[in-house]
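Biologist: I'm new to this one. Can you walk me through the aromatic rings?

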Amino acid sequence: GIFGLPFTREEAGLVLVPVPFDATTSYGGGTSMGPEAVFNASMQVDLFDHQFGRTYERGLFMQPIDRKLLTLSRQARRIAKPIIERGGATERDKRAVAQVNAACERIEAFTHDAAAAILDEGKIPALLGGDHSTPLGFIRACAEHAAKLKGSKGLGILQIDAHMDFRDAFEGFTYSHASIMFNVLTRIDQVSKLVQVGIRDYGEGERDFGRSQKKRVVTHFDFDWSTRLDAGDKWTSLCKDAIAPLPKHVYVSFDIDGLEPTLCPHTGTPVAGGLSFNRACVLLELLARSGR
């Protein structure tokens, strides 16, 4: 199993769902191969965790990669790529766009059902993409689950990302990787709070959409945090401020381009700036230690 662990799904406390899909990536590609690459690399990672100790004792299990999803990705990518290379869809691309959207809807249904099943088993669901369009159904299932829990104030999302992902049907595709959080906020009412960290590449329209959500969205821009650190603020204080508005139940959305591009030079849309690996780890530890 992942990390070389022997756990079955029944024995695991956390179940990873690989989603090898990247139809709408708009610059660099290849994220559909991410789950397999992570699985293979995991065998070289020591199990003891500096921050949390023997995390592996909870049981970690990764579902087998569904090759049908990889085939679907390649088919949809072949249709989407020429449209993306021309700068986006036009009226003549209506049929092609519908085909790509239909493929994305199949992924949305797959990830929703996968997360719902894991939650029903009392386990923690985790998704391994694939491009950033893939978690829409996963987030929907988690939001539906959180809404049923006693004392629930909805689902919060902590998004670590270089981009806001607030574009409405970017390049013509409803489920574009750049539209994930727009789709979450316009389609999933049970998401009560979105906190964004690391943001440093966005359009004016995305900024305005975020503002239109009022207190539902809190965006922390990477440049602003860098300026505050230079002025003497502590990283831990910035992180605690970001975590404070989140409700008890939180979904973590971690886009790898939230990190410094020196750590992930082959990511599809690298952007200067970003979080160091250790600072990202501190943010996640503070979230966990907060009791959420």
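This is a predicted model: local features need pLDDT of at least 70, side-chain atom pairs count only at pLDDT 80 or more; totals for chains, interfaces and linings use all residues.

Biologist: How many aromatic pairs does the structure hold?

Modeller: It holds 5. Rings of Phe, Tyr and Trp (its six-membered ring) pair if their centres lie within 6.5 Å; planes under 30 degrees apart are stacked, over 60 edge-to-face, the rest tilted. One of the pairs is F182 with F209, tilted, at 4.9 Å centre to centre and 45 degrees between the planes.

Biologist: Which parts does that pair tie together?

Modeller: F182 lies in helix α5 (residues 180-187) and F209 in helix α6 (residues 204-212), so parts 27 residues apart in sequence are tied together. Helices are DSSP runs (H or I, at least four residues), as are strands (E, at least two), numbered from the N terminus.

Biologist: Is F182 buried or exposed?

Modeller: Buried, at 14% relative accessibility. F209 is buried too, at 14%. Buried means under 20% relative accessible area, exposed over 50%, partly exposed in between (1.4 Å probe, protein chains only).

Biologist: Which residues do ring pairs link into a cluster?

Modeller: F166, F182 and F209.

Biologist: New topic. What about Y202?

Modeller: Y202 is partly exposed, at 35%.

Technical notes
Residues are numbered from 1 along each chain as its sequence is written. Side-chain values use heavy atoms; hydrogens and water are left out.
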